[in-house]
Amino acid sequence: ERAVVRCVPSEPKLSLQLVLPDGSARHMQRDQAEPLGRALARIATNAAKGSAKAAKKSKKARAEGAAAAEEEAAAVPAVRLFSRGGEVVGAEVPNAAAWQDGAVLHIGEARYRVERNPPALTELRLPRSLLAGFPVCPTLRAEFAAPQHCRFRWFRERRGAGGWEEVGEGGEEGEGAAGRVFTPSAALVGLRLKLRCTPGDAARRVGAPREAESSGPVEAGPGACSFDARHLYTRRLCGGGALRAVSYNILADAYAQSEFSRTVLYPYCAPYALELDYRQNLLKKELAGYSADILCLQEVDKSVFADSLAPALDAFGLEGLFRIKEKQHEGLATFYRRDKFRLLSQHDIAFSDALPSDPLHQELREKLARYPLVQEKVLQRSSVLQVSVLQSTADPSRKICVANTHLYWHPKGGNIRLIQIAVALSHIKHVARDLYPGIPVMFCGDFNSTPSSGTYSFIKSGVIAEDHEDWVSNGEEERCNMPLSHPFQLLSACGEPAYTNYVGGFHGCLDYIFIDKNALEVEQVIPLPSHEEVTTYQALPSVSHPSDHIALVCDLKWK
């Protein structure tokens with residue numbers, strides 16, 4: 001029999017689960033510091049009570065003399081714990097030290113093998129929307145287990161016969177039948193799916209399996225998607241001396257699902273195609289197909305990151321970091337390929353916090369103090385900057401500073417964006433010049449700035465004149481003239497596409513991957529979808545494209 005012990009140093013109690021000799025299941029909570037003798041005495045008492053109850057229920061016991069049977073059953077059994085080496089564990093040893101993996105618990109004649117912190121699943125759930133041809137990735141939460149050591153078995157409903165049948169490995173019913181991610185084929189349309197997961201760990205221990213069934217059947221996919229042709233260029237991972245970068249505003253659910261979005265912003269988009277589950281299907285397939293090494297996302301809902309993107313991309317080898325915007329439900333996410341990079345440090349900031357308090361921005365603060373209206377507006381914004389320092393696993397001397405941001409959106413907010421980008425570049429300079437001297441920079445994001453803007457010009461040239469027209473972008477009342485500079489030599493890796501955002505009332509280039517041209521060079525830019533593909537359903541988002549923006553994808557190599 002198994003005696004399962006869960007003992008975590010950060011918690012005051014440990015738990016013990018076992019089935020007593022009379023067949024009753026027990027779940028006990030004991031203080032970790034308590035002497036073992038007390039815990040064993042409680043087990044003995046429970047075992048005696050259980051035996052007595054069993055005896056009372058026994059017809060045989062009543063027929064042959066209940067009193068004798070009950071007396072015998074009520075006798076407290078000997079309960080002892082033996083170490084893996086076969087020695088009795090002393091009654092004075094604290095519980096936390098006594099209940100070790102492989103120890104043997106004796107309750108009378110019964111024997112129990114102690115399993116301390118075995119792999120366990122705390123949650124297993126399938127997404128609500130399943131589309132043929134699109135990867136299905138479960139939400140999985142585990143304790144003392146790692147997804148790469150878990151075993152997965154996928155099942156499908158028997159058509160018309162009821163019950164379940166394991167999905168074959170041949171690929172006719174889908175791809176990945178023995179993996180965490182399963183892509184159902186068109187043959188499974190109309191059938192529900194079930195997943196059985198057995199948790200495991202690096203020591204090859206396994207825990208109790210758990211099952212999850214889909215709430216609805218697999219449905220037909222939308223056919224050709226805007227990103228299908230792009231995936232032809234990104235089937236293979238980049239080689240060792242190169243890295244594939246992606247920047248993408250994925251359209252937060254909060255902005256896609258509102259009445260304003262449905263009727264004013266995206267009236268041309270089928271309502272079902274604005275629903276989160278539908279868009280997540282498309283998005284996960286699109287992102288997985290880029291085989292990215294570094295992936296910077298904007299407008300990521302907090303729940304989407306935790307419950308959908310992080311587990312799905314984890315299954316494709318990517319580790320995710322999330323930074324929420326101030327007072328918002330969405331933010332930024334940076335993912336990196338875990339067998340190519342490791343995270344050295346994170347240096348995220350909120351512009352509204354850093355500008356008034358960080359000594360780095362003293363000079364900018366003094367300049368801005370002359371323009372209280374603009375200063376107030378900058379400090380009201382919720383924008384954040386995510387900065388992660390990554391180190392190559394193949395060559396530890398190679399490090400890179402990856403920055404990700406989403407600047408203020410208003411068309412007349414050019415002056416606000418200039419202040420935000422000045423704060424961002426000062427902070428990045430501190431990380432890439434002071435903390436990690438000389439490491440290359442990659443700065444991704446939705447800058448809400450076209451190539452003709454002051455923000456774009458400032459990032460590329462390193463300077464912005466105090467008489468630039470963007471300082472009066474919102475009229476004379478909010479004029480704030482000041483010269484600014486930064487030390488980086490940055491170029492837009494994907495150039496200046498005609499547009500990266502295409503909605504009913506606007507199209508333009510707002511998104512960029514800026515790279516340090518002294519340390520990195522562009523190997524290839526993955527072509528954007530054709531104008532015909534983008535406008536198939538009038539504009540974006542659509543049934544074949546999950547966002548109102550288009551992902552930027554490029555392969556870079558170290559110089």
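Modeller: Hello! One definition before we start: Ala, Val, Leu, Ile, Met, Phe, Trp, Tyr, Cys and Pro are counted as nonpolar, Asp, Glu, Lys and Arg as charged, and the others, with Gly among them, as polar. Please keep in mind too that this is a predicted model.

Biologist: Thanks! With those classes, how do the residues of the lining of the second largest pocket divide?

Modeller: That pocket has a volume of about 460 Å³. Its lining is made by 26 residues. By class they divide into 12 nonpolar, 7 polar and 7 charged.

Biologist: Which element gives the largest share of the lining of the second largest pocket?

Modeller: Arg2, Val4, Gln17, Pro118 and Ala120 lie nearest the centre of this pocket. Two or more lining residues come from each of strand E1 (2-6), strand E2 (13-19), strand E3 (25-31) and strand E7 (120-125). The largest share, 6 residues, comes from E2.

Biologist: From which domains does that lining draw at least three residues each?

Modeller: The domain assignment of the chain lists domain 1 (2-46 + 79-116), domain 2 (120-213) and domain 3 (227-558). For the lining of the second largest pocket, at least three residues come from each of domain 1 and domain 2.

Biologist: What distance separates the centres of domain 1 and domain 3?

Modeller: Domain 3 covers residues 227-558 in the assignment, while domain 1 is written as two segments, 2-46 and 79-116. Taken over C-alpha atoms, the separation of their centres is 53 Å.

Biologist: Now the largest pocket: which element gives the largest share of its lining?

Modeller: This pocket holds about 1,200 Å³ of space. Of its 43 lining residues, His406, Trp409, His410, Pro411 and Asn448 are the closest to the centre. Two or more lining residues come from each of H7, helix H13 (414-435) and strand E29 (501-503). The largest share, 4 residues, comes from H7.

Biologist: And how many nonpolar, polar and charged residues does the lining of the largest pocket have?

Modeller: The lining has 43 residues in total. By class, they are 13 nonpolar, 20 polar and 10 charged.

Biologist: What is the phi of asparagine 448?

Modeller: Asn448 is among the residues closest to the centre of the largest pocket, and its place is in the loop between strand E25 (441-446) and helix H14 (454-461). Most residues other than glycine have a negative phi. Asparagine 448 is not a glycine, yet its phi is positive, at about 45°.

Biologist: Last one: which element gives the most to the lining of the largest cavity?

Modeller: The count comes to 1 cavity of 30 Å³ or more, and about 40 Å³ of space lies in the largest cavity. Its lining includes Leu276, Arg279, Gln280 and Leu283. Helix H8 (276-289) and strand E18 (294-301) each give two or more residues. With 4 residues, the most comes from H8.

Technical notes: Residues numbered from 1 in each chain as written. Predicted model: local features only at pLDDT ≥ 70, side-chain atom pairs only at ≥ 80, totals over all residues. Heavy atoms only, no water. 1 Å grid on protein atoms, 1.4 Å probe; cavity = no way out; pocket = protein on both sides within 12 Å on 5 of 7 lines; lining within 4 Å. Points joined across faces, edges and corners; volume = space filled by probe spheres on them. Domains from an automatic or database assignment.
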